Amino acid sequence: MPEDLNWAIGGEAGDGIDSTGKIFAQALSRAGRHVFTSKDFASRIRGGYTAYKVRTAVERCDSVVDRLDILIALTERTIDENMDELHEGSVIIYDGERTTMQDVEIPEGMVGLDVPLKSLAEEAGGAIMRNVVALGVACEVADFPIENLDESLEKRFGDKGQAIVENNKEAARVGKNYVAEEYDDHDFPYELETTDKDYVLLNGDEAIGMGALAAGCRFYAGYPITPATDVMEYLTGRIDQYGGKVVQAEDELAAINLALGAARAGARSMTATSGPGIDLMTETFGLVATTETPMVICDVMRSGPSTGMPTKQEQGDLNMTLYGGHGEIPRFVVAPTTVAECFWKTVEAFNLAEKYQIPVYLVSDLALAVTEQTFPPEAFDMDEVEIERGNVVGADEVDEWVDEKERFQPHAPTEDGVSPRTFPGTPGGAHMTTGLEHDSLGRRTEEEEVRVEQVQKRQRKVETAQEREEWDYREFGDPDADTLVISWGSNEGAIREGMEFLEEDGIDVRFISVPYIFPRPDLSEEIEQAEQTIVVECNAEGQFADVIEHDVLERVERINKYTGVRFKADELADDIKDAVGHPQEA
């Protein structure tokens, strides 16, 4: 495992936890260190426990682990919440002058640094900077050059004026100097090495937004909902630079209908929401499919059902994206497995939507959405982005797709199921499509032969895509291992690092990470080769395990987590070890 340091700040919602964590994560990234973050926050504006955790190493890190080295505790509860991750030698930074922190007891074996954060911040220019004072303290404890913090502070406060920036720089140094003077006899065991590497730091929602721009998305409609809102926030302002538009709709029904209208007009169009919003969008989803309109619908999953736990992790929407809707609706379901893949699979989703004139569910989850991770810039090489608009017919080709009365046929029953498509204004390509069952012209019909013809045509597009596209998986570990681990979505990083823990115990596994839910790769041969197959996912019922069992007609073992918290690498390694120690009975 790479030598790493795990840092966190915790308190109540409204304490500036998120912005403080981002400042530190950005400073580490700009210092050439890899970063992997996680958040624990309540679904309220103020009050309720919230934390921002940063794992950092010179080598790449892809998961959280069950260890915390430095904790900035703004409340006593923060210590209690993280007790299981704290260890002998962990450093706890707190303000003993606060009424609620005066009776704090530092657990035996840990180091408590009582620092008057508020008082020091007031000396530097204002109590509001107490968190920045704490960052200065953390820099001293971790032996991290405080100059690396300056650029992040400039980025965070630059629009407030240079005086504010300088005040914050001073606040950080006041915190650093206080510890250096008051705790000069303490030798902290941490030293954060810096490098000259250049990294991009972004989360899954931002990667999806960036991928949408790169793919040529020019219209986005959405309604704010945790944890999908950051997709809209990323696109707002940026999409205008490319002639696009973001519309905040009054609800999710309006959002998908606006996106449908834009897509019918020829724009690459998208909406993003979470489980409750997907429920509301389902009727229009059927309309999108029936009218054969290309569109991307992003579902950033969270704990359900109903309102559930809006700020907690879960992969519970798989069945909804696979089967949701009345009638039989052709669709594709693509599920990125990493933050970087959120970018590339978004590009791919737009291409698939237009090549096959079909709605595409882009399925992410809270763990991917809020995780900020570092990548080299070449991980998002825009020169590698290809845009495929499918069977778009221009004025010189329209005549090939008209009937005996010179009427354009947007739903012509082609051999591959993909009909011609015209953009508004194309001479000879005018047409209207109804959401009722329709004929090749898009006009309503209840004629039996036409109904069968159109249903089969729409389904044929999926069959064509299965033949033409690569619906492959990503593989890690020993291909000849007796134990096969399968997963989807954001679990990939935790499993990959968990495999390193397993190797230390002499346990080899083969790991398959599946980014395509429908169509999906056939895993029959892989499962047949293994003596034991384990499916890992963040839900209670094992929805992907059910799908696999349906495909291969063989039982698989399951590791499920539905606490609202993502898998950790070391925790998952223990779960797999237990499963390997108790193989499935024949």
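Biologist: Which strands does helix α17 lie across?
Modeller: Helix α17, residues 543-552, lies across β16, β17 (509-514), β19 and β20. Helices (H or I, at least four residues) and strands (E, at least two) are DSSP runs, numbered from the N terminus. This is a predicted model: local features need pLDDT of at least 70 and side-chain atom pairs pLDDT 80 or more, while totals for chains, interfaces and linings use all residues. Residues are numbered from 1 along each chain as its sequence is written, and side-chain values use heavy atoms, without hydrogens and water.

Biologist: And at what angle does α17 run to β19?
Modeller: At about 140 degrees. Axes are lines fitted to C-alpha atoms, for helices over the stretch in contact (heavy atoms within 4.5 Å), and angles run from 0 to 180 degrees between N-to-C directions.

Biologist: What is the strand order in the open sheet of 5 strands?
Modeller: The order is β15-β17-β16-β19-β20, and the pairing is mixed. Two strands pair if DSSP finds at least two bridges between them. At the edges are β15 and β20 (557-560), each pairing on one side only. On average, neighbouring strands of this sheet are turned by 20 degrees against each other, direction ignored.

Biologist: How many bridges join β16 to β19?
Modeller: Strand β16 (residues 483-488) and strand β19 (residues 532-537) run parallel and are joined by 5 bridges. Thr 483 stands opposite Gln 532 in β19.

Biologist: Is β2 joined to β3 in a parallel or antiparallel way?
Modeller: The two run antiparallel, with 7 bridges between β2 and strand β3 (residues 49-57). Ser 38 faces Lys 53 of β3. Strand β2 (residues 34-40) is mostly covered, with 6 of its 7 residues buried; buried means under 20% relative accessible area, exposed over 50%, partly exposed in between (1.4 Å probe, protein chains only).

Biologist: Changing topic, how many aromatic pairs are there?
Modeller: The count is 11. Rings of Phe, Tyr and Trp (its six-membered ring) pair if their centres lie within 6.5 Å; planes under 30 degrees apart are stacked, over 60 edge-to-face and the rest tilted. One of the pairs, Trp 7 with Phe 24, is tilted, at 4.5 Å centre to centre and 40 degrees between the planes. Trp 7 belongs to strand β1 (residues 4-12) and Phe 24 to helix α1 (residues 17-30), 17 residues apart.

Biologist: Are Trp 7 and Phe 24 buried or exposed?
Modeller: Trp 7 counts as buried because its relative accessibility is 1%. Phe 24 is buried too, at 0%.

Biologist: Why is the pair of Trp 471 and Tyr 516 edge-to-face?
Modeller: Their planes stand at 85 degrees, so the pair is edge-to-face, with ring centres 5.2 Å apart. Both residues are buried.
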